[in-house]
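Let's take a walk through a protein fold together.

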Amino acid sequence: MKVNGATKQNRRGFLKVAGTATAALALGGLPFAARAATDKLKIGVVGSGRVGGARGSVWVKAGHAVMFSSRNLDHDKQLAASLGSNARAGTPREAAAFGEVLLVSVPYRALPDVGKDLGNLLKGKVVIDTCNPIASRDGEIAIWAREKGAGLASAELLPGARIVRAFNAIGAARMGAAHEQQGERIGMPIAGDDAKAIELASRLIREIGYEPVLIGGLAMGKYLMPGTPLAGERTPDQIRQIAATLK
């Protein structure tokens, strides 16, 4: 498989992307930043199981309009009905068309079908990629994705999407309640190449209850999965310290 132009950009262009993202997050100076800080969003969830369902539910409570989708429409309808008028259910294509932002949370072996089935609906959309390639579950595609790096592999499988890799290195058990916790927030390592997509994803991650920590471009997405140095719950400063040692 060949990767789009994003591959070469990751290492050479990251300093520029990171600087732009940091400035936008800190100053909110971009028109996009002002909009992202105040407006409610339309969010499509593709894969509304334990991960997608929990995150989407928090975003509904934060006032966003969320469409849940999976292979089980009855489950999605029940979930949406339990959350109120800001939640709805649909097919994955309907969710992709509905969402300004998409959360994709499916087994990695399903990601090629997501890319094919949703096609042009993904182009230009901010996509939060939670998917981890696990060889024992996903087979050969997981081996390929781990060799390439999960961030770059996802970019190839979802062409045209503005991918931010997140929610990959931390266990899902407490994510639905993280926004209720008091005190210092747990850090959420993220990776991406698009500064505005990073900014918007960071806002949504904070609403879930975590502090986003940009560790690099999509090439660094290979570290955002279980079994890597960044796996587990850490403070934002601890994540930065570890990330500084990675290549």
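Which elements make a right-handed β-α-β unit? The answer is β4, helix α6 (residues 111–118) and β5. Right-handed means that, with the strands pointing away from you, the path from the first strand over the helix to the second runs clockwise. The names come from DSSP runs numbered from the N terminus: helices are H or I runs of at least four residues, and strands are E runs of at least two.

Before going on, a word about what you're looking at. This is a predicted model, where local features need pLDDT of at least 70, side-chain atom pairs count only at pLDDT 80 or more, and totals for chains, interfaces and linings use all residues. Residues are numbered from 1 along each chain as its sequence is written, and side-chain values use heavy atoms, with hydrogens and water left out.

Now step back to the sheet. Two strands count as paired if DSSP finds at least two bridges between them.

Let's zoom in on strand β4 (residues 101–104). Four bridges join it in parallel to β1, where I43 stands opposite V101. Another four bridges link β4, again in parallel, to strand β5 (residues 126–129), and there V101 has V126 as its bridge partner. In a regular strand, side chains alternate between the two faces of the sheet. In β4, V101 and L103 lie on one side, L102 and V104 on the other, and all of them are buried (under 20% relative accessible area; exposed is over 50%, partly exposed in between, with a 1.4 Å probe and protein chains only).

How about strand β1 (residues 42–46) and strand β2 (residues 65–69)? They pair in the parallel sense over five bridges, and V46 has S69 in β2 as its bridge partner.

Finally, visit a loop. T228 sits between β8 (211–216) and α11 (236–243). T228 is buried, with a relative accessible area of 17%. Its side chain reaches the backbone oxygen of M225 at 2.9 Å. Leaving aside neighbours within four places in sequence, T228 is in contact (heavy atoms within 4.5 Å) with K222 and Y223.

Note on methods: Polar contact = N/O pair within 3.5 Å; in protein donor to acceptor, adjacent residues only side chain to side chain.
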